[in-house]
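Me: I would like to learn how to read a protein model, one feature at a time. Could you take me through some examples slowly, giving the general idea before each case?

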Amino acid sequence: MIFIKNGRIFTMTGEVIENGSVLIDNGKIAEVGEDLVAPLDAEVIDADGKMVLPGFIDAHCHIGMWEEGMGFEGDDGNEWVDPVTPHLRAIDAINPMDEAFKEAYTGGVTTAVTGPGSANVIGGMFVAIKTCGKRVDDMILKEPVAMKIAFGENPKRVYESQKKSPITRMATAAVLRETLYKAKVYQEKKEKAKDDPSKMPEFDMKMEALLKVLNKEIPLKAHAHRADDIFTALRIAKEFDLDITLDHCTEGHLIADYLKDEGRGAIVGPTLSNRSKVELRNLTFDTPRILHEAGVKIAIMTDSPVIPLHYLPICAGLAVKSGLDEMEALKAITINPAEIVGIDDRVGSIEVGKDADIVIFDGNPIKDIDCKTYTTIIDGEIVYKMDK
């Protein structure tokens with residue numbers, strides 16, 4: 001049992017408790033408020049003069065799949081020999097011993113949504129995990145959480161070098177459509193086989209993975225930087241009546257009104273990087289502000305290892321520098337990504353019953369360059385405490 005007292009608590013539910021307390025019991029948040037009394041057997045953390053926040057969430061990264069300080073040996077994010085690999089699962093490639101995880105939770109990031117890269121049209125299944133642990137099976141918050149798909153330059157570049165399709169945006173869309181149609185046929189055959197087992201189709205692992213998308217158990221997670229690619233992703237999602245999240249959304253500020261009408265959240269980033277390819281020419285920290293002002297729910301992401309995960313609050317701070325409201329920036333790395341990804345029943349805010357993922361800072365992590373993490377708590381366990 002842990003009792004945090006005297007903190008300035010940002011619940012991310014619209015309430016800031018100026019001198020509040022949080023009681024943690026059995027890995028969950030048991031009480032939040034003012035004038036709480038610490039149980040006699042609780043470990044007490046005095047957060048006087050400090051900010052208490054829900055653990056930060058990165059809604060799109062590749063932590064553990066491209067290991068720190070390694071080349072090919074630690075590069076497990078892209079199986080770039082087949083443009084259609086929906087059956088791949090991130091959990092089979094993540095190395096939780098990678099030092100990037102410790103950097104993440106000491107920097108306040110307690111949940112990472114991580115998965116395959118964007119070499120393939122369909123890359124495989126993302127997972128939402130906590131950032132502290134030795135065995136990935138014990139770190140899972142939700143698996144699978146989404147199915148990665150990619151548009152734009154990346155699949156074009158990968159398969160042009162192999163002299164096979166897709167090497168155009170037309171082909172990328174066609175490959176995705178064709179695969180989704182095949183998955184629908186597979187689904188229909190399985191339904192008919194319930195009454196007549198002789199009609200059961202031959203097992204297809206790729207199609208089995210896509211059934212989760214067709215049944216709306218998980219969304220498509222669309223790598224799309226350019227405005228036209230974003231619209232293509234939305235077009236195909238509508239054609240097949242699928243859920244989708246818009247990831248990167250680099251040119252989202254150019255089509256903000258359209259995205260508001262679509263009612264989809266935008267996971268924006270990595271913006272703290274150079275314009276390494278043509279489709280990033282309109283890269284700007286204005287994007288989160290413009291999307292928010294248009295009424296689009298936003299999350300800010302790192303795309304780690306493009307930007308190290310522990311720099312997530314810096315990315316939020318640079319969005320504030322470009323005009324985004326400070327509270328909205330905090331939401332963009334806490335409750336908003338949780339809601340967009342579909343894990344807000346567990347994380348993203350300091351509320352009774354949610355996982356006790358809480359970070360205490362000695363300053364404002366998105367404004368103060370010298371701000372330090374005082375304590376990080378994940379699932380009710382103190383995983384980091386600043387040396388005094």
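**Reading buried residues and pockets**

Reply: K130 is buried, because its relative accessible area is 3%, where buried means under 20%, exposed over 50% and partly exposed in between, with a 1.4 Å probe and protein chains only. Please keep in mind that this is a predicted model, in which local features need pLDDT of at least 70 and side-chain atom pairs count only at pLDDT 80 or more, while totals for chains, interfaces and linings use all residues. Residues are numbered from 1 along each chain as its sequence is written, and side-chain values use heavy atoms, with hydrogens and water left out.

Me: Where does K130 lie, and which residues is K130 in contact with?

Reply: K130 belongs to strand β8 (residues 122-130); helices (H or I, at least four residues) and strands (E, at least two) are DSSP runs, numbered from the N terminus. Contact means heavy atoms within 4.5 Å, and, leaving aside neighbours within four places in sequence, K130 is in contact with residues including T110, M139, R346, D355 and D379. The side chains of K130 and D379 are joined by a polar contact of 2.6 Å, a term for a pair of N or O atoms within 3.5 Å, of which, within protein, one must be able to donate a hydrogen and the other to accept it, and residues adjacent in sequence count only if both atoms are side-chain atoms.

Me: Is P96 buried or exposed, and what does P96 touch?

Reply: P96 counts as buried, at 11% relative accessibility, and is found in the loop between β6 (56-61) and α1 (99-106). Not counting residues up to four places away in sequence, P96 touches F101, G133, K134, R135, V136 and M139.

Me: How should I read a helix, and which residues of α8 are buried?

Reply: An α-helix has 3.6 residues a turn, so residues three or four places apart point the same way. In helix α8 (residues 286-294), the buried residues are T287, P288, R289, L291 and A294, and what covers them includes α7 (256-262), β12 (266-268), β13 (298-300) and α9. After α8 comes G295, whose phi is positive, near 100°.

Me: How is a pocket found, and what volume does the largest pocket have?

Reply: Rolling a probe the size of a water molecule over the atoms shows where empty space is left. On a 1 Å grid over the protein atoms alone, a cavity is a set of points where a 1.4 Å probe fits but cannot get out, whereas a pocket is an open set with protein on both sides within 12 Å along at least five of seven lines, and lining residues have an atom within 4 Å of a point. The largest pocket has a volume of about 780 Å³, and among its 38 lining residues W66, G77, N78, G117 and S118 lie nearest its centre. Helix α3 (residues 153-160) gives the most to this lining, with three residues.

Me: Where does the second largest pocket lie, and which helix gives the largest share of its lining?

Reply: The second largest pocket lies between domain 1 (1-54 + 349-387) and domain 2 (56-347), because both give residues to its lining; the domain bounds come from an automatic or database domain assignment. This second largest pocket has a volume of about 370 Å³ and is lined by 18 residues, of which I314, P365, D368, I369 and C371 lie nearest its centre. Helix α9 (residues 312-321) provides the largest share of the lining, four residues.

Technical notes: Grid points are joined across faces, edges and corners, and a volume is the space filled by probe spheres set on the points.
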